[in-house]
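Subject: Structure handover

Hello,

Please open it first and then read the notes under it.

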Amino acid sequence: MEINNNQLLRFTTAGSVDDGKSTLIGRLLYDSKSIFEDQLESVSATSAKKGHDGVDLALFTDGLKDEREQGITIDVAYRYFTTLKRKFIIADTPGHIQYTRNMVTGASTANAAVILIDARHGVIEQTKRHSFIASLLNIPHLIVCVNKMDLVDFSEEVYNNIIGQFEEFSSKLLMKDVRFIPISALKGDNVVNRSEHMEWYQNGTLLSTLENLHISSDINKIDARFPVQTVLRPQSEDFRDYRGCAGRIASGIYRKGDEVAVLPSGFTSKIRSINVGEQEVEEAYAPMSVAITLEDDIDVSRGDMIVKKNNQPEQEQEFDVMLCWLNNGAMKPRAKYTVMHTSNEERAMIKEVVYKMDINTFERDSEDKGLAMNDIARVKIRTTRSLMLDSYRDNRNTGSIILIDESTNETVAAGMVV
Amino acid sequence: MSKYYLNYLDELESEAIFILREVWAQFENPVILFSGGKDSILVTHLAKKAFFPSKIPFALMHVDKGHNFPETIKFRDDLIEELEVKLIVGSVQESINKGRVAEEKGKNATRNALQITTLLDAIEENKIDCAIGGGRRDEEKARAKERFFSHRDDFGQWDPKNQRPELWNLLNGKHFEGEHFRAFPISNWTEMDVWNYIKRENIKIPSLYFAHEREVVFRSNSWIPVSEYLRLEEGEKIEKKNIRFRTLGDITITGGIESDADTLEKIVQEVSAMRKTERGDRSDDKRSETAMEDRKKQGYF
């Protein structure tokens, strides 16, 4: 197989066992021939032991011991498969309300979200919750699969009703690209192979939809942002004066000769060279990892951001974020946290909880000021020094933060700059 | 006009380089766990790219089980010399001699469990706060839930239910004295990706990966190489076969497959047609359904 221009697409699947999520993933892997013989043997044996007829596709995604015992998914699990068109990474996340944190985690880097609806039940609370999180995390593409069509006689009417229900509640959410597909994960209809039972559906199967989504524009290529991770100073014979700013381009495009500013100092210079490993390149763009050298000898260190002179982020010490609480320990009022933003770190304080979101009804509650595991709220944060911020809607990489509890070192919250 | 998107191999490379640089920035004394296998060779190659034109700023650490393929050791030493990096060896044999661990008995005896102690001892002795590994999430189901930055407590243990959530590109490597991290820069690569990349970059790998003639014994559905450690069981006979190895582990348990693939080109072709996972040839993972999970909890790679 030749190496080609195939892209990588990351997608997340939200849903519970009852929606047939594990079966769907099993079906994708199985029908795209991504299951190996020894995995198949092991799953067949387990299926037989449990008394199932044939192969239980859901078992392909079975994870840790506790999960198998309880028949649930506890944590985000990553799966991989490749077709002739793309490489796929699935962030398989549990759908129960107590696992909002995992869904948020899986959604944070996804190009697409696949949301499952049971055709017999239509839109339920869980559907709304998953859609809300997909929109909150600004996942560029949403694919709604109406599953178990075989149990409603592959009825077009049932399908259309569910789409109607979805359109109704989702009009309140910000979504760019939504598609609907009627499927049966169990029987294989419209997952990888076209269904023979739904002549009325003329659009692509799930796999062909995933293969053809336009994802090149998912990363912001307009606003150039380069967070410096570390500075390379080889001090060897050949590279005595070399000082390379190493990092991964968060967004935008950089070219040799570009006039740039180093933030927060604001000193300006021009790009002298851009390297990818040993290879020097004329231009580089997100999400490439590069080393950039500047014409002038100005002070640059980890946490700084190199941007274009004429396009700069906001520098702010006080800002609003949509915060998702991820930790068992609740938020401590006026407690100090470390905020991580790109390669930068500052101390931070949550000044105020503006309102909490009910993620099932989308209602705001401005009375309740406490934050516990899985809560989502708009808060005001104050940091010791300014951060170089963009809004999360404009830029996922420079509009996102995490909070770390200084007493436990745990990641306790994730925030999206409003 | 130029295109402004990466192909999947470039994106995986970029992600791995990002993680390696993050390790360097967030830890005091990181090492690369180097087994001489293709995955750790790949990680080392990526580290070279991440820090060019500087030298790789990490030492390589080899947990030596004593049951090595001689080819692996030669390869390791050559690479160390070429890269001018420091080598740290943690020896399982020494752990046995010191009485820290006892050798397993029986036909399928391996030093897999033993190396956990050696690894954790070496980490403690050398004050290592981050060990970078070549683990991949597609290898085994317990690995599918592993983070890029994986936190270990002061006993070196992994608690799968209490991992730090990892969002966007924000990696939290904060740790207290005595705790350490494992970092997995090639988490998102599959076996196929690794081979395609090795071919693309023309990375040097040990000759064992290429088809060659070798004396072997058929055991547990694969060809186990004849070595000084191998004891023949009843009914087993030594045969000469054209084989190659898909993974390089302990010489006593790593099975080869019959193959004519003697170039990278042919290997890539063979792997893409392969219908069995690479760990399917390793008897250590066949012991029980949760063999890997159990070992990881105790502090395995």
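The notes below go through the domains, then parts of each chain, then the contact between the chains.

Please keep in mind that this is a predicted model.

Domains

Chain A is divided into domain 1 (7-212), domain 2 (225-308) and domain 3 (314-417). Between domain 2 and domain 3 of chain A, the C-alpha centres are 30 Å apart. The contact between these two involves 12 residues of domain 2 of chain A and 10 residues of domain 3 of chain A. On the domain 2 side, the residues in that contact are 6 nonpolar, 4 polar and 2 charged.

For chain B, the assignment gives domain 1 (8-193 + 289-298) and domain 2 (206-285). Their C-alpha centres lie 24 Å apart.

Helix α1 (residues 21-31) of chain A is mostly covered, with 10 of its 11 residues buried. The buried residues are K21(A), S22(A), T23(A), L24(A), I25(A), G26(A), R27(A), L28(A), L29(A) and Y30(A). What do they pack against? The partners are the strands β1 (7-15), β2, β3 (86-94), β4 (112-118) and β5 of chain A, together with helix α7 (206-212) of chain A. After α1(A) comes K33(A), which has a positive phi, near 60 degrees.

Strand β5 (residues 141-147) of chain A, one of those partners, runs parallel to strand β6 (residues 177-182) of chain A, and 6 bridges join the two. One of the residues involved is V144(A), whose bridge partner in β6(A) is F180(A). To get from β5(A) to β6(A), the chain passes through helix α6 (residues 156-170) of chain A, and this β-α-β crossover is right-handed.

In chain B, 6 strands form an open sheet with mixed pairing, in the order β3-β2-β1-β4-β6-β5. The edges are β3 (87-91) and β5 (149-152) of chain B, each of which pairs on one side only. From one strand to the next, the twist averages 30 degrees. Within the sheet, strand β1 (residues 30-33) of chain B and strand β4 (residues 130-132) of chain B run parallel and are joined by 3 bridges. I32(B) has I132(B) as its bridge partner in β4(B). Helix α5 (residues 114-125) of chain B packs on the sheet and touches β2, β3, β4 and β6 (180-183) of chain B. The direction of α5(B) makes about 135 degrees with that of β3(B).

F58(B) is in the loop between α2 (38-51) and β2 (59-64) of chain B. Is F58(B) buried or exposed? F58(B) counts as buried because 25 other C-beta atoms lie within 10 Å, and the cut-off for buried is 20 or more. Leaving out residues up to four places away in sequence, F58(B) touches P30(B), V31(B), I32(B), A47(B) and I132(B). F58(B) and L87(B) are 29 residues apart in sequence, and their C-alpha atoms are 9.4 Å apart in space.

Contact between the chains

How many residues of chain A are in contact with chain B? There are 61, and they meet 52 residues of chain B. On the chain A side, strand β2 (residues 77-82) of chain A gives the most, with 5 residues. By class, that side has 25 nonpolar, 21 polar and 15 charged residues.

Regards

Definitions and conventions. Residues numbered from 1 in each chain as written. Chains lettered and ligands numbered in written order. Predicted model: local features only at pLDDT ≥ 70, side-chain atom pairs only at ≥ 80, totals over all residues. Pairing = 2+ DSSP bridges. Helix = DSSP H or I, 4+ residues; strand = E, 2+ residues; numbered from the N terminus. Right-handed = clockwise from strand over helix to strand, strands pointing away. Domains from an automatic or database assignment. Buried ≥ 20, exposed ≤ 12 C-beta atoms within 10 Å, placed from the backbone. Contact = placed C-beta atoms within 7 Å. Axes fitted to C-alpha atoms, helices over the stretch in contact; angles between N-to-C directions. Nonpolar A, V, L, I, M, F, W, Y, C, P; charged D, E, K, R; others polar.
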